Amino acid sequence: MPGCGLGLIAPGGGPAAIVANGRADIVLIGRAMLAEPAWPLRAAKALGAKVDWPVRYERANFV
């Protein structure tokens, strides 16, 4: 049965390690998103992932 991890999970390497170790199938990051809405963009940059922006928002790309 799929399970999720939530609560007191530090952003950074924590969520990825939880999924990679098989301790959860997904990690919910609601509180991190409320605290810092741009966190996924910063994490993508730190991991070297390419984020596709809608054309109308390209000027707002600050990451």
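pLDDT is the predictor's confidence in each residue, on a scale from 0 to 100.

**Figure 1. Overview of the predicted model and its confidence.** The mean pLDDT of the protein is 77. Of its residues, 75% reach 70 or more. Confidence is lowest in strand E1 (residues 4-5), with a mean of 68. Helix H3 (residues 39-47) has the highest, at 82. This is a predicted model, where local features need pLDDT of at least 70, side-chain atom pairs count only at pLDDT 80 or more, and totals for chains, interfaces and linings use all residues. Residues are numbered from 1 along each chain as its sequence is written, and side-chain values use heavy atoms, leaving out hydrogens and water.

**Figure 2. The fold has three helices and two strands.** Helices (H or I, at least four residues) and strands (E, at least two) are DSSP runs, numbered from the N terminus. Along the sequence, the pattern reads β-α-β-α-α. Among contacts (heavy atoms within 4.5 Å) between residues at least 6 apart in sequence, 13% join residues at least 24 apart.

**Figure 3. The surface of the protein comes to about 5,200 Å² of accessible area.** Carbon and sulfur atoms account for 61% of that surface. Areas come from the Shrake-Rupley method with a 1.4 Å probe; for residues, only the protein chains shown count as cover. Buried residues make up 13% of the 63 residues. Buried means under 20% relative accessible area, exposed over 50%, and partly exposed in between (1.4 Å probe, protein chains only).

**Figure 4. Arg-42 forms a salt bridge with Glu-36.** A salt bridge puts a side-chain nitrogen of Lys or Arg within 4 Å of a carboxyl oxygen of Asp or Glu. Here the closest N and O atoms are 2.6 Å apart. Arg-42 is partly exposed, at 43% relative accessibility. Glu-36 is also partly exposed, with a relative accessible area of 31%. A search of the whole structure finds two salt bridges.

**Figure 5. Asp-52 and Lys-50 meet in a salt bridge through their side chains.** The N to O distance is 2.7 Å. Asp-52 and Lys-50 are both exposed.

**Figure 6. Val-19 sits in helix H1 (residues 14-20).** Val-19 is partly exposed, at 37% relative accessibility. Leaving aside residues up to four places away in sequence, Val-19 touches Ala-24, Asp-25, Ile-26 and Val-27.
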